[in-house]
Structure formats: C-alpha cells, structure tokens
Amino acid sequence: MQTFGWPEAMFIFRAAGWTLLLTAISFVIGSLLGGAFAIMRLSRIKLVRNFAAGYILVIQSIPVLMVLFMSYYGLSIIGIELPPFFAASASLAVYVSAYLAEIWRGSIESVPFQQWEASASLAHTPAQTYRYVILPQAVRISLPPTVGFLVQLVKNTSIVSVVGFVELSRAGQLVNNATFQAFQVFSLVAVIYFAICFPLSRLSRHLEKVMNASRSH
Amino acid sequence: MPAVLIDDVHKSFGKLEVLKGVSLNVETGQVVALIGRSGSGKSTLLRCINGLEAINSGRIEVAGHAVEQDQKKLRELRKDVGIVFQSYNLFPHLTVGQNIMLSPRITQNVPQAQAEKLARDVLAQVGLSEKFDSYPDNLSGGQQQRVAIARSLAMQPKVMLFDEVTSALDPELTGEVLLVMEKLAKDGMTMLLVTHEMNFARNVASTTVFMHQGKIWESGPSQEVFGNPQTPELRNFVSAGTK
C-alpha cells in the first residue's frame, strides 16, 4: 500500500492547477457569453429578449451535471466525441453564462433610468449610452456578486470529475483510494480550495464595502 | 420662425389624456415659464419637446428640427436642445469635468484640449471653476444642478429646457441655481422652464403659461398673468402659491 507522501501531494497540487485552469477558461468564455445574453435580455427587440430569457431559464433550471452528461455522453451518441477537458469547460461555460447574464442584467437594470434619459438627452446613441454611462456604473455594481459567483465556480468545478477529468477533488479521491489516509488527503484538498477561495471571498467582501461607501443615493 | 413651435399637441398615457391640444410659440431669446398644479401636463409638455415622450398627434418644431420618433433625427435635435432635470442626473462615475466634456467629445468630435477649455468656460459661467476634478457625490444639490446646467451649455444649445430644476433643493440652495438661470436669460438664451418658483417666473420669464387639466388655461406677459389673472383657476393657484 502506498503512503501519503510528496509524490501524492504533488499529484494533488498539479490537479489544483487543472481546477484553476478549468475555472479560468469557463469563467472567461462564460463571461463573454453571459455579457452578450445580458444585453440581449434587455434588447428592444422582443424576439431577441425572449430568446435570451429562454436560454437563461433553461440552463438555470437544469443541474450543471446534466449539461455535462449531455455534452460528454449525449454528443458521443451522435458521433461527436469531446475530450473530457473540453466537455467540462464547455459545460461549465454554459452554466456560468446563464448565471452571469442574470447578475449583469440586474446590475444594468439597477442603474437608474434617469441615467438613460440624461444620456439620450445629450444626443448619445444607445451604444454610446451603454459604453460611457451605463456599463461603467453597472460593472461597479456587479463586481461583488460576480466575484462571489467565481468562488462558487471554483468549488463547483469538482463536478466534472464524473466524466473522468482529474481536477482537485478527483485527485484527492484517487490518492485516498491508494493510501487510505483520508484525513491527510482531504485536509490538503480542503486547504487548497480554501487558499484559492478565501482571497476571492475577501475581495468580494472588500468590493462590497467599497461600493456601499461610494453609493450616492 | 419661432424657436419652439407647438401646434395642437395631444398626448396620452394609456387612457389618460395628459395634453389635450396644446399650442404655444416661443421666440428666440424669450424666456417662458410653465406653471400649474401637479398633473397639469407641464412636465410632459417639456419632455415632448426633446422627444423623451412621443406625442400622439399635433406638431412640435424646435430650433429648426421637427420632433419625430426617428432616433437619428432626435439626436440631431438634442444637440441643439438642452434639458436639465429635477434630479440633476449627473453621471456619478465621472468627475465634473468629464461629465461636461463627454458629450461634446463623443457627439461632436470636439478634440480633448478644446473640450476641456469649453468645460472650464461653462463651469466658470455657473461659478464652479474649482470643482472641475470633483465627483458629483461630493457636491451639494445646488452645485450638482449648476453642473448639470453647465453640462447642457457645453453642447452650445439653441434652446434650454428646465424641468422643475429647483424642486429637489433646500430653499437656501434654490437661490444659487435660479441666479445662474437668470444670468442665462439675460444673456439671451431661449428658455422654457417648468417651475414652482412663482417669483422667478414673474420676474425673469417674459411670458408665463398657466396649464390646467392638460390645456393652456391662460398665458401672457408674466407681470399680467400674475398681477391680473383672468380665470378663477389661475387666481386660486396664484394666491395659494404666494401665501
């Protein structure tokens, strides 16, 4: 039987790298998609608005696990074989996009409508109004919940272990299966999650304080 | 041609008819005060003039632009027609200087250096030169409103609309805003203002228009409208307002 030593710990650290990479990729792609859906959700064109609302509703109403199964196993039935990392990033990105779209839509809507009116009255185009007036304010409002969501995402990446992708949680499981030193193994895994999430949580808390302090009305 | 031409304008919100056939001309350089009770339609009329509200029928022309719901034409109109709101509506994430420079820069492609000079000029005009780098949150209500006026002036408008611009202010801050507006009026700006400041209307506006139930009930030279109201409605309104 193996004992829990440096090689095992290094294995877990490397897997933590994958967790970070997976988080980063799905967050970046999810952000781009989510931003687009947030704006579409507020479009003046009803069809666009409804499409975005439908997408968000569907994705938010099914567990991310099902999205993962569909992209990994479902697509393989029709002949599309996605590598686990790709299926995992794509599924998480889809999940991220639906939640960020809602967070950001809310942030955009919480900018008082008088700001839109003032901007329009100064002869700005709708695009200029977004770019110079609404989005800078919406981004500030959305920062704390967005970072908060990122913390959730770091932890939720563990779900991709079910399609055989070895990230931090899965690595812990594998090492435990070989060493049966569950306490040491999972303590290390927990400490690593904490080391990633704690600074982010603090950042979110800090941003919230800063935003509250500078809120005007 | 008058600076503002309003011809038989009707406007409804759902079933509620707010403007029931309003006609009014404002000549270049004229200062017109719109007075009346809440709900008389005066603010709605003002908002129709720069297209913030669409009218149901009738015709409005301002500074040579017909008001229609074509967004591009509306933008052309809004370059010539400034509006100042009750709640100032400065952009809180920008400094005073940036608030003022933004629109000339992005809508008229004014170069940075020139925009800055323009901003400093209009800020001086409202007596707030030293606030160029301040954020709106650090200004009093009266100062914010003066910045809002300066922001509109930087677009070099031909007509200025004021929508109850002192209603959100403490009495001691009202004066400084009215002073700025009085100076503008003296400099020959064409102004249309919705106001509850009866003394200001009487002394600064050349014409006062009393609106009641969505119509122009009475209008004329301000001294006459206040000094010798013809209708009982205006008489009541004036006596209630000056008590």
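What follows covers a helix pair, a sheet and the contact between the chains.

This is a predicted model, where local features need pLDDT of at least 70, side-chain atom pairs count only at pLDDT 80 or more, and totals for chains, interfaces and linings use all residues. Residues are numbered from 1 along each chain as its sequence is written, with chains lettered from A and ligands numbered from 1 in the order in which they are written.

Start with the helices (DSSP runs of H or I, at least four residues; strands are E, at least two; both numbered from the N terminus).

| Helix of chain A | Residues | Contact residues include |
|---|---|---|
| α1(A) | residues 6-41 | A:Phe11 and A:Ile12 |
| α7(A) | residues 168-179 | A:Leu168 and A:Val175 |

α1(A) and α7(A) pack at about 160°, axes 7 Å apart (lines fitted to C-alpha atoms over the stretch in contact, angles from 0 to 180 degrees between N-to-C directions). That makes the pair roughly antiparallel, a label for angles over 145 degrees.

Over in chain B, an open sheet of four strands runs β2-β1-β4-β5, with antiparallel pairing (strands pair if DSSP finds at least two bridges between them). β2 and β5 stand at the edges with a single partner strand each, so one side of each lacks a neighbour in the sheet. Five bridges join β1 to β4 in chain B, and B:His10 sits opposite B:Ser57.

As for the chains, 16 residues of A are in contact with 18 of B (C-beta atoms, placed from the backbone, within 7 Å). On the chain A side, α6(A) gives the largest share, six residues.

Terms used:
Contact = placed C-beta atoms within 7 Å. Parallel < 35°, antiparallel > 145°, perpendicular 65-115°, else oblique.
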